[in-house]
Amino acid sequence: MGIIVNQSIKNTIVTYFGFGIGAINVIFLYTQFISEEYFGLITFILSTASILMPFMAFGVHNTIVKFYSSFKTRQSQNSFLSLMLLLPLIVIIPLGLLTHFAYDLIANWLSKENVIIKDYTWLIYISAAAFAYFEVFYAWSKVQLQSVFGNFMSEVFHRFITTLLLLSHYFGYLTVDNLIYGIVITYIVRAFIMKLYAFSLRMPVFKLTKITNLSSILKYSALIIIAGSVANIILEIDKFMLGQFEALNNVAYYGVAIYIATVIGVPARAMHQITNPLTAQFLNERNKQELKTLYQKSSINLFIISGFIFLCIIININKLYLLIPENYSEGFLVVLVIGLAKLSDNLLGNNNAILFNSDYYRVVLVFGILLAILTVVLNLLFIPKFGINGAAYASCITIFIYNAIKLSFVYNKFKIQPFTVSTLKTALLILVCGLGLYFWEFDFYPIISILFKTIILALVYGLSVYKFNLSLDISKILNRFIS
C-alpha cells in the first residue's frame, strides 16, 4: 500500500504542475504569440488525433494493465508483451496506407470549411500514432509498478517543450510552420523517451508462443477500443466538428474556454488514483457500508473543492479575459456551461470507479455509445445555429444525461447514492458566493483584482465550510491548518 500512496501523492503534484504550465500556454502564450487561425489549427490537429488514438492503440494500453499479472512465468509474460507491441500495427499500418493513397480525398473533406487544414492533415495521423504508442509504453511501466515518470511525461514534458517552442517562435527563431511541426515532433520524442524508460524497466524478449487466454485478450481489447473511443468522442468531438462548421479562429476561442473549465476537473483526476483501488477493494469484499461511505465522502469533498475552483474562475472570468486578446472573450458562456458540467462530474464522486470495477461495465459501455451518438447529433444541430456556444450546449447536455444515467444505475444496482444534507448546503453556498462576488468588481489592474476577489472568496467559502462542518475530512485539514 505504501508504494500506491507514495506514487499517488507524487502523481497529484505532477498533474497540478502540468496543468499550470498548460494554462500558461493556452491562456497566455498561444493567444499572444500566434494568430487565432493557427491556434485553432493546432487545437484541431491534436483533438482529431486524440479521437483516433484508441483505434491506433488497439486498446493495448488497457489490456496490458488488466492481463499482465495473470501471466505467472517469464516466458508467458514475454509472449504477452510481444503481442501487445505488435497489435497496434494492425490498425496503424493499414490506416497509414489509406492516408497515403487517399490523402487528397481525406484532406479535402477535412478542409472543406478551412482550407489551411489540407496541408497539415498528415500530421493528424502521425500525432495519433505517437499518442497510441506512448500510452502502450506508459502501461508497460505501470505494470512494473512505476508510474511517476510516465505521469510526468504525460502531464508535464510536452507542455514544457511547447512553452519553449512558443517562446522560440515569439523571438523569431521559429516560423509558425516550424512551431506546428515542432509540437508534433515533441509528441514523437515523448513516445520514444517513454519507450526507452519502459524497456529499461523490462527489456522485451520477442517470443510469440501460444497464449492460453488469447480469445479473452482480443475480446477485451476490442471492447476497450469502443470504450476509449466513446470517452474521447464525448471529450474531443466538439473541437473536431467546430473545425468542420466554423472558421478555425472559433476553434481557438473554444479551446481556451474549454481549458479554463477543464481545471475544475483536476481534483477528480487526483482523487481517482486513491479512490479507485479502495472502491475495487470494497466491491470485492462486498462491503456495502464502506462503499456507501466512500461514495458520499468522495462526492461532498470533490463538490466542495471543485465548487471553490469553479467560483474562482467564474467570479474572475471578466478580468481574466482582459489579460488576453479581446476576441477570446467570446468563450465566456462556454466556460460557464462546461464548468457546470465539470461540477456535475465531481458531484458524482467515485461513481465511475464503482461502475468500472463492478460487473456492470459492459452495460455502461452501451450507454456510453448511445451518448456518443447523441453528442454527434447535438453538435450537428447546435453548432450551425449557435457556433461555439452550440458545441458547449451539446457537450453539457450529453454530460448531464450521462451522469444522470450513471447515478440512477448505481442506485438501482447497489441501493446507494452520494448525496447528503451537506450537498444541498454546499450548492447553496456556491450559488450565494457566485451571485455575491460575480457582480462585485474592483477598478484595479486585472491581476490585482483577481487576487483580491480570490482572497475574499477563500475566506468566505472556507469559513462557511468550516463553520457548517460540510465535510469532516476538510474540517480536519482546516483544524490542522488553524492549530
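The structure holds 1 cavity of 30 Å³ or more. A cavity here is a set of points, on a 1 Å grid over the protein atoms alone, where a 1.4 Å probe fits but cannot get out, and its lining residues have an atom within 4 Å of a point. Its volume, the space filled by probe spheres set on grid points that are joined across faces, edges and corners, is about 30 Å³ for the largest cavity. Before we go on, please keep in mind that this is a predicted model, in which local features need pLDDT of at least 70 and side-chain atom pairs count only at pLDDT 80 or more, while totals for chains, interfaces and linings use all residues. Residues are numbered from 1 along each chain as its sequence is written, and side-chain values use heavy atoms, with hydrogens and water left out.

Which residues line the largest cavity? They are I42, I45, L46, I180, I183 and V184. Helices α2 (36–57) and α9 (176–201) each supply at least two residues of this lining; helices are DSSP runs of H or I with at least four residues, numbered from the N terminus. The lining divides into 6 nonpolar residues, no polar and no charged. In this scheme Ala, Val, Leu, Ile, Met, Phe, Trp, Tyr, Cys and Pro count as nonpolar, Asp, Glu, Lys and Arg as charged, and the others, Gly among them, as polar.

Let us stay with α2 for a moment. Its 22 residues should span 32 Å at 1.5 Å a residue, and its end C-alpha atoms are 31 Å apart, which agrees; the expected span is 1.5 Å times one less than the number of residues. Along the way, α2 has a kink of about 35° at I51, shortly before the proline P54. The bend at a residue is the angle between axes fitted to the seven residues ending there and the seven starting there. Of the 22 residues of α2, 18 are buried, so this helix is largely enclosed by the rest of the structure. Buried means under 20% relative accessible area, exposed over 50%, and partly exposed in between (1.4 Å probe, protein chains only). After α2 comes F58, whose phi is positive, near 60°.

Helix α7 (residues 121–142) reaches 32 Å from its first C-alpha to its last, close to the 32 Å expected for its 22 residues. Because 18 of those 22 residues are buried, α7 is largely enclosed by the rest of the structure. Helix α17 (residues 388–414) has 27 residues and reaches 39 Å, close to the 39 Å expected. Just after α17, K415 takes a positive phi of about 60°.

Now for the charged pairs. How many salt bridges are there? The count comes to 2, where a salt bridge is a side-chain nitrogen of Lys or Arg within 4 Å of a carboxyl oxygen of Asp or Glu. One joins the side chains of E155 and R159 (3.1 Å, N to O). These two are 4 residues apart in helix α8 (residues 148–170), so about one helical turn separates them. Both E155 and R159 are buried.

In the other salt bridge, the side chains of K453 and E441 meet (3.8 Å, N to O). This pair links distant parts of the chain, 12 residues apart: K453 lies in helix α19 (residues 446–467), and E441 in the loop between α18 (421–438) and α19. K453 is buried, with a relative accessible area of 1%, whereas E441 is partly exposed at 29%.

Notes. 1 Å grid on protein atoms, 1.4 Å probe; cavity = no way out; pocket = protein on both sides within 12 Å on 5 of 7 lines; lining within 4 Å.
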